[in-house]
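The following note collects points for discussion on the model under review. Please read them alongside the sequence and the coordinates.

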Amino acid sequence: MAASIDGILPKTLQELVKSSKVLVVGAGGIGCEVLKNLVLSGFLDIEIIDLDTIDLSNLNRQFLFHREHVGKSKANVARESALSFNPDSKIIAHHDSVTSAKYGVNFFKKFNVVLSALDNRAARNHVNRMCLNADVPLIESGTSGYNGQVEIIKRGLTQCYECTPKEKQRSFPGCTIRNTPSEPIHCIVWAKHLFNQLFGESLEDEDISPDSADPEAQDKNEGDANEKEANEKEATEGEAKEQKKEDKQDDGNIVRINTRQWAKDCEYDPTKLFNKFFNEDINYLLRMSNLWESRKAPTPIEWSSLQPVEGEVSEYGKQHHRIWSIGECSQIFANTLKDLSSAFLNLEGDDTLVWDKDDQPAMDFVSACANIRSHIFDIEKKSRFEIKSMAGNIIPAIATTNAITAGLSVMRAFNVLQSKWKQCNSVYARLRTNGRNQFLVPDTFFPPPNPNCYVCASDPAIILKVDTKRITIKDLRDEILIKTLNMVDPDVTVDRTGSILLSSEEGETTENEGKLLSEMNVVDGVILECDDFHQNYKLRIIINHFDADREDNLFEVVADKSQLQPKDEIKEAEDKPVEEKRSRKRSANGNDSPDDGPSTSKRSRPDPEEDDCMVIEDDDDDVVITSPPDNDSDPSPPSPKKPETGCKRKASTDITEILDSSDEDDDDNTQPKKTKLDDTPSDVINID
Amino acid sequence: MVMEVDLTENVPSIELTEAESELYDRQIRLWGLESQKRLRTAKILISGLNGLGAEITKNIILSGVSLVKLHDDKLVTEEDFSSQFLVPRESLTTNRAQASLERARDLNPMVDISADTEPLKNKTSEFFGQFDVVVVNGQSNEELLRIDTICREKGVKFYASDVWGTFGFFFAGLQTHRYVEDEIKYKLISKPKEKPKYETVSKPVQHEVEYPAYSSWLNFNINAAGYQRKLKRNGPGIVLLRILQKFRIIHKRDPSYKTREQDLTKLQVIRDELISSPTATDLNEQVLGMLFAQISPAVAIVGGVVAQEVIKVITKVEAPHRNLFIFDPNTCAGYVETIGVN
């Protein structure tokens, strides 16, 4: 509206606002606010895209939606609500995924600016690539709790979204989950795996039974004998129909591939299932005595030993903030087992249940099982409310941060349209003020594009450290190219021979999928040419074979050759003081106060189980964030520790990301003394 | 002042309903159940339903307070449509608070929302005393001073705020305010010869802080020699605030888009009278040209900030900024000046 009233905006800006075509990606917490700001500012030609529908827990901030809209398309309802603010605007709503092939480079080229308000890194990476390709300026935004950030991405001028490495998730070795949990999250992950083993999509590496091949359990001298004995004993235990799995990789390991069938055969008898998971399996673990030499041994629980519980499950089960007793957990286990099994048995064919934090029995089941297991291992129990945060990757979200961040985003859009590139540096919203008393903090300089970026560099390449004897062509596509490198539909050829490994044409390379890389002659030193036609993105992959140890990730992407260094140098705990130093430094140059980064205090911010950290996704919408501003490009003195550029990922492993707060003055004498505190970009150390 | 913490001190003894828990889930995960209970009983007055008033209203209502009174004696004008999204187009020339009611209620049916259209100057201390927090937009310094004084007597927390175009500010008059803040520390957990390993420890600490009266801002000398370095560092925002408030005093209105060119000249005259420092050149026509009506994204930023401050005040969690906030649209910096504190 503003632009349509003469005199409110300066003439040039007024014309630009009236004539520009804008794309808003995401109609969640930030998207709703952005859309409102755009129509009120007088933008007339807007498209908005979101694949999601409205949930009750959105309504505390996604103010274009009301109770009667729950279940409806976010994009469509957002459009209608925003039009009531300015009926002169034209808004096209797409209830769709932005990664869909419908929205190709030509679609993006229509727009003068794209404002992204997404909640996950995969979609962000994709939009980044599309905008780079279409050469349309992108305003990227995210929030988490009190923190927000807005950054401009413009081809050739700024860093792209993928120029800087995003922090890694924390992953847990299978042995920790199955044998030796020591934190609540280990038990929560285990409980989610248990849900999947019984009712969900059952993945082999989500096994919940004791892992007898745990290297730590092997006694150097008698390990074989012990294990053999244990295996035999296990194999003779009639109730659980164990099967030895013929697997050359897992020699000697018992894999209970049939937990699901066994449970079904028991008709989901709660007593039998409880005794198996919380008594027999624990007793089995106890026999792996080496594990308990330096740890507190678990205490198995028998169903018959449980104290009767007062009150109705339907009553205490609703108390989400109180920590349930073991008796209560057991009753809830029994109750939800009944609900879930009947839901499961009603499914058709091979369908399975999908674990959802908002599905009451599924969430109750995981809360109860996690706490029972915690109790057994003498780990702190948690309330259902807390477990939901951890199990469901919930990012706290509030209206005010979203409003502020969306406002900054549209303010920056004004600058972008006027090509005031010098006034387009990133801005951060923080809870507390920095050393310059700012809590809305613009960057003081523009970080240049990373010349080794595997997305926006002129001839992008990565090194793929991979166990070519254990990764299949299908893994290469699904886990590495799609999940890790965020391609949509890649074609892959071998550079030297030109042979096609993977084709985006359906069926063309199906017969390759089950083969190992090594079987396809993709071995150390081979170069692969990957091409994602949809993203118009080409990437060379240099194969670097290694023999993965049992608990190693099977592959690791190294985005930058200079990053090939021994991993020992990068220890997570040690990094904290380093981060701290950097944060302090930033305070001085006006950027951030460290303690309210996205990693804020444990009390106010649950540890999200997540997939990455710069962007923490969630099935909500606002989302995400960032490490403290300019993590990697801030003008700090050289640090002996470089951040990793590689992204490490283990094929379909449960991952959890624990962000730590960094506020402390601990001296770390491995760090060079800071000699200069300065705002000028001349200090920039490009960490590439 | 730091003291022992009782996190549950004065937390209303109410339980949230299941519906409330579900609706507010994502924010309870940020500020906790006690804070949500405190919000649940809070009563807020928002006076001045311009674009900024609408943004503050939206955020406060969404947070789940008990009651919001929308107060305004002005009528909806065309100018409001550039940021006041609570008033429908067809409400032109009707009372702004009344016109905002329906959409305000749609934002959160659990909040008690009503309108009051009586002129602010007729409102006495009994009126202001009904509220926990009073937020006043678009008033003269004289009126702000009067209400601040009443609020100080009544122990009501007071915020004055404004947006001109894309430039904005708030002033916090909280008298003595107590709040809890987490202090986070690193603890070395590794043994002496091992590689250093740290663990974070956070501990709630209670503070008690004094917030000066609005008069401290009116008496503040922006030309004081000792202040010039700070002015240079933070930019000319505080000077611009003076100019705009002076414009309001002299012309009994804000700069108008209808008389854009004349008002730009008037602003320059006031600028040159008020300051002699080089800052004057920073306040060039480009900056002055973005001061008309209220531009939506800037109003969203300042409205988000003010609402967040009100929430901090009600929940008594985290330090409210003390005490003058400036949003500089040129850089998008938002910073805090501490006025009247020695």
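1. A salt bridge is taken here as a side-chain nitrogen of Lys or Arg within 4 Å of a carboxyl oxygen of Asp or Glu. In this predicted model, K21(A), D45(A), E47(A), K90(A) and K110(A) are joined by such bridges into a network. Over all chains, the count of salt bridges comes to 49.

2. The overall make-up of chain B may be stated briefly. Chain B contains 13 helices and eleven strands. It has 342 residues, of which 62% count as buried. Where contacts in chain B join residues at least 6 apart in sequence, 65% of them are between residues at least 24 apart.

3. The side chains of D162(B) and R248(B) meet with an N to O distance of 2.9 Å. This pair links distant parts of the chain, since D162(B) belongs to strand β6 (residues 157–164) and R248(B) to helix α9 (residues 237–251), 86 residues apart. Are the two partners buried or exposed? Both D162(B) and R248(B) are buried.

4. A second salt bridge in chain B pairs D263(B) with R253(B), at 2.8 Å from N to O. D263(B) is in helix α10 (residues 260–274), while R253(B) is in the loop between α9 and α10, ten residues away. D263(B) counts as buried because its relative accessibility is 0%, under the 20% limit. R253(B), at 29%, falls between the 20% and 50% limits and therefore counts as partly exposed.

5. D263(B) also forms a salt bridge with K266(B), with an N to O distance of 3.8 Å. Here both residues lie in helix α10 of chain B, three residues apart, which is about one turn of the helix. Why does K266(B) count as partly exposed? Its relative accessibility is 30%, so K266(B) lies between the 20% and 50% limits.

6. The unreviewed UniProt entry lists C175(A) under "active site". C175(A) is located in helix α6 (residues 174–178) of chain A. With a relative accessible area of 8%, under the 20% limit, C175(A) is therefore classed as buried.

Definitions and conventions:
Residues numbered from 1 in each chain as written. Chains lettered and ligands numbered in written order. Predicted model: local features only at pLDDT ≥ 70, side-chain atom pairs only at ≥ 80, totals over all residues. Heavy atoms only, no water. Helix = DSSP H or I, 4+ residues; strand = E, 2+ residues; numbered from the N terminus. Buried < 20%, exposed > 50% of the residue type's maximum accessible area, 1.4 Å probe, protein only. Contact = heavy atoms within 4.5 Å. UniProt positions renumbered as here; feature names shortened; annotations may be inferred.
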